[in-house]
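Hello,

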Amino acid sequence: MKKILILCFDLSLITSISSQAQKNTNSYFTSGTEFIFSFASIDNNGNDGGNVMRFTGFLHLQGTYNYDFGKAFGLMTGIALRNVGFIYNNPETGLKKKYRTYNVGIPIGLKLGSMGKTHLYAGYEIEFPTNYKEKTFNNERKDDKFNVWFSKRTPTFYNTVFVGVQFKYGISLKFKYYLTNFFNQDYSEVNQDGITEYPYENIDVRIFYFSLNINIFRDVHFNYTKEEMMHKF
């Protein structure tokens, strides 16, 4: 309940800020999507390796409030919904596991460079996992699948850092690293024999990814005009 109240407050705050964006030429709101190529550093009880690149383009939504203090410096914050996870080929069992969470993220960052053209950005983002999904494959056959809302298998939130480069016409490239373990190592469950188990006790997973970001809209308009695109091509 506490997490839901926090998210509702942040949504209302971002909405309020974006409604004022057009009143100030230095502040504006951008929105769009991203395509994620994710990897993971995995330590499974002292064994590493087994990670497989994961690509996802759905469902990623992001809205960013920007404030530019001048032509070379600005701040950014906002809210995002993204699908984050990793694929693991267990070298001991031969099973393939796919894990993912839908996270609500709130970033805060700095921008340096040409605000109207190419510039660098970097910052911190807190992400709240909302829906957890886990799939198990044996010889390419799906053996098990389940998903849970606000699962205790994951921590309450993830601490992340990011850096990227923003190009003209709303295209940017970003690198992001998760400082928090993907799993809650204290999570426990009781098996069929009545024994308490800790399935993620000895697993440490740090996700990192590269993404292509496309900011389609600036305020309520397209991030580029037809004339600009015709001139570009």
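**Salt bridges and their surroundings**

Asp68 has a relative accessible area of 8%, so this residue counts as buried (buried means under 20% relative accessible area, exposed over 50%, and partly exposed in between, with a 1.4 Å probe and protein chains only). Please keep in mind that this is a predicted model, where local features need pLDDT of at least 70, side-chain atom pairs count only at pLDDT 80 or more, and totals for chains, interfaces and linings use all residues. Residues are numbered from 1 along each chain as its sequence is written, and side-chain values use heavy atoms, leaving out hydrogens and water.

Asp68 pairs with Lys111 in a salt bridge, with 2.9 Å between the closest N and O atoms (a salt bridge is a side-chain nitrogen of Lys or Arg within 4 Å of a carboxyl oxygen of Asp or Glu). Because Asp68 sits in strand β4 (residues 61–68) and Lys111 in strand β6 (residues 96–113), the pair ties together parts that are 43 residues apart in sequence. Strands (E, at least two residues) are DSSP runs, numbered from the N terminus. Lys111 is buried too, at 2%.

In total, the structure holds 10 salt bridges. Another one joins Arg82 and Glu34, at 2.8 Å from N to O. This pair links distant parts of the chain, with Arg82 in strand β5 (residues 73–89) and Glu34 in strand β1 (residues 27–44), 48 residues apart. Arg82 is buried at 1%, and Glu34 is buried at 1%.

Asp204 and Arg206 also form a salt bridge, at 2.9 Å from N to O. Asp204 is partly exposed at 22%, and Arg206 is partly exposed at 22%.

Best wishes

How values were computed. Helices (H or I, at least four residues) and strands (E, at least two) are DSSP runs, numbered from the N terminus.
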